[in-house]
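The stops below follow one after another.

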Amino acid sequence: MHETRIAQLERENERLRQHAADLATELLGNIIQITGSLFGGEVTVKEGCDPEFPDDKYVVFAVETGLDPSELVEAEHEWVKAIEAMAPRWNSVRLSIRPI
């Protein structure tokens with residue numbers, strides 16, 4: 001009986017891990033798509049941190065864009081709203097904009 005319970009827990013853990021990985025992959029893909037659509041450029045994803053707090057890591061979505069300054073402000077505002085709607089408790093995400 002004990003081994004059966006362990007096997008059940010192992011299967012459940014694997015299912016939960018896979019579900020979490022699927023959700024994370026979907027979320028990252030959606031953020032990449034939205035970022036590219038709003039800014040019209042190629043998006044890269046990398047890990048970043050505050051130099052003063054190197055253990056405080058976050059995900060950086062970097063995009064190149066040719067938008068003018070007023071369009072840039074509008075696109076950034078839409079990006080923040082979209083991220084908030086998709087992942088309201090995820091505060092470990094940053095946007096890096098590189099003008100081209």
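With which side chain does the side chain of threonine 35 make a polar contact? The partner is the side chain of tryptophan 79, at 2.7 Å. A polar contact here is a pair of N or O atoms within 3.5 Å; within protein, one must be able to donate a hydrogen and the other to accept it, and residues adjacent in sequence count only if both atoms are side-chain atoms.

This is a predicted model: local features need pLDDT of at least 70 and side-chain atom pairs pLDDT 80 or more, while totals for chains, interfaces and linings use all residues. Residues are numbered from 1 along each chain as its sequence is written, and side-chain values use heavy atoms, without hydrogens and water.

Stay on threonine 35 and select isoleucine 31: its backbone oxygen is reached by the threonine 35 side chain at 2.6 Å. Threonine 35 counts as buried because its relative accessibility is 0% (buried means under 20% relative accessible area, with a 1.4 Å probe and protein chains only).

Next, select Gly40, Val43, Phe61, Val63, Trp79 and Leu95, which contact threonine 35 (heavy atoms within 4.5 Å) when neighbours within four places in sequence are left aside.

Technical notes: Buried < 20%, exposed > 50% of the residue type's maximum accessible area, 1.4 Å probe, protein only.
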